[in-house]
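Good morning, and thank you for making time for this presentation. Please keep the sequence and the structure in view while I speak.

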Amino acid sequence: MPPFQQGIREYFGADECPDRSWSYLHATDQAWIRRIALAGGEDPGIIGYSEMQDLRPDDRRRRIRQLEDWYKAWPYVRTEQVKNIERHLAALPEPRPQLDDELLDVPFITGPPGTGKTALLKRAAVEALCRAAWDRRLEMEDSPHLSNRLVEPDWRPVIYHSTDGNPIVKTFFTHLCHEIGAPEGSDPQVAFQKAVIRHGVQTVFIDEVQMINFDGQYGMYLHNALKALQNMNVRVVLAGHNVRSMLVQRKTSAQNATQFQSIARWAFQDLERYPHETKPQIDEWRKLLKKLESHVRLAGHKHNDPVFSTEFEEHLWVSTLGYINSLASLITGASLTASRTRSQRITAEIIDAVRLNERVQQGRAHRLRNWRAGLFEWSTRAQESP
């Protein structure tokens, strides 16, 4: 294959032969990695307002779409809280479904909505795929005599699945079967357990777990089904918001038993919105904004112009209350709006005109007025109910 683009190469870490490791991955997994690692497409570069207007209509439309793709894919920023979770996941031993390993705690990435859990989980899944491919290459090179016919060419070591609605066990395992192209048959759970062996499944990442009603009968069945996956030595990694509220005292002894198993097995890793009170917290926020600045392609700003980390650092926090998803939406909207102006420069007026989700939009004008008057309370606690 052609040389790796840097966005993919970095996920292979210290792998000495990433191109050969890459070749062991299924085409579907390769396409998924490209979609995550290379989101945004090619760097559009900078083109001024007048130059844009001089383009033919078709070329101008292509340019607009290129900018939209670029700005919708802001860089994945490894701030300290993100790196802490990544370190935790990286420190876990690799699952070996064919061995009789001891059960390990289930990593559970949680925290309020809008704190970047899905972005982190997807990249953790990409890294798991690339590590598995590296291990696969080493295994084949060290033991070329091993028969590989059970998992080639359909080796699928990692599954990423986003829960839709409140699934029952049958629909949940049907979806998992579909993720790796396995027939679900009349009993999807049994079919998937067989597919785990046939396709070499090692890790299952499950997002939006809050959609599952663990308080109900189907939720208990699904909880037990996830435990059955662990019993097959498949690593399960979960993500969802407000999950601790699921672990309150239940109505029945069976539900309490399920809750007790969850507490004993789930290892929570919290992603929070970025606070803005202490100097280390402010430095972390500025570091995040600094990274995002490198993505700006506007003629009115020099490369790495500190427009976010200095000029609008407080403005952006007051507008978003430190929620990373809201920040991404705000900067994307402001950058695209600025690209359509003659100055191609981000201004306070442009920032304030970008509409955000209701959680941060509610009270936003009032917060900004207080901030401009020097009356804003920076305490995160004071902003808990915006």
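Let me begin with a question: is W285 buried or exposed? The model before you is a predicted one. In it, W285 is buried, because its relative accessibility is 0%.

I shall turn next to the element that carries this residue. W285 belongs to helix 12, which runs over residues 279–293 and contains 15 residues. From first C-alpha to last, helix 12 reaches 21 Å, close to the 21 Å expected at 1.5 Å a residue. The buried residues of helix 12 are I282, E284, W285, L288, L289, L292 and E293. What covers the buried residues of helix 12 includes helix 6 (80–91), helix 13 (307–311), helix 14 (313–320) and helix 15 (324–339).

I now come to the aromatic rings. The structure holds 12 aromatic pairs. One of them joins Y274 and W285, with the ring centres 6.3 Å apart and an angle of 45° between the planes, a tilted arrangement. Y274 sits in the loop between strand 5 (266–270) and helix 12, while W285 is in helix 12, and 11 residues separate the two. Like W285, which is buried at 0% relative accessibility, Y274 is buried, with a relative accessible area of 6%. Elsewhere, F108, W266 and F268 are linked into a cluster by ring pairs.

Two arginines also deserve mention here. R136 lies over the face of W155, 5.3 Å from the ring centre. R359 lies over the face of Y323, and there the distance to the ring centre is 3.9 Å.

How much space lies in the largest pocket? The figure is about 1300 Å³. Its lining comprises 44 residues, of which A73, W74, P75, Y76 and R123 lie nearest the centre of the pocket. Two or more lining residues come from each of helix 1 (6–9), helix 3 (27–37), helix 5 (57–72), helix 7 (117–142), helix 12 and helix 15. Helix 15 gives the most, with six residues.

There are also two cavities of 30 Å³ or more. The largest cavity holds about 50 Å³ of space. Among the residues that line this cavity are E293, R297, H301, H303 and D305. E293 is also one of the buried residues of helix 12.

Where does Y11 lie? Y11 is found in the loop between helix 1 and helix 2 (18–23). Y11 counts as buried because its relative accessible area is 8%. Leaving aside neighbours within four places in sequence, Y11 is in contact with A37, R78, R123, V126, E127 and C130. The C-alpha atoms of Y11 and L129 are separated by 9.0 Å, although the two residues are 118 residues apart along the chain.

I shall close with the chain as a whole. The protein chain has 18 helices and five strands. Of its 386 residues, 49% are buried. Among contacts between residues at least 6 apart in sequence, 72% join residues at least 24 apart.

How values were computed
Residues numbered from 1 in each chain as written. Predicted model: local features only at pLDDT ≥ 70, side-chain atom pairs only at ≥ 80, totals over all residues. Heavy atoms only, no water. Helix = DSSP H or I, 4+ residues; strand = E, 2+ residues; numbered from the N terminus. Expected span 1.5 Å × (residues − 1). Buried < 20%, exposed > 50% of the residue type's maximum accessible area, 1.4 Å probe, protein only. Contact = heavy atoms within 4.5 Å. Phe/Tyr/Trp six-rings, centres within 6.5 Å; stacked < 30°, edge-to-face > 60°. Lys NZ or Arg CZ within 6 Å of the ring centre and 35° of its normal. 1 Å grid on protein atoms, 1.4 Å probe; cavity = no way out; pocket = protein on both sides within 12 Å on 5 of 7 lines; lining within 4 Å. Points joined across faces, edges and corners; volume = space filled by probe spheres on them.
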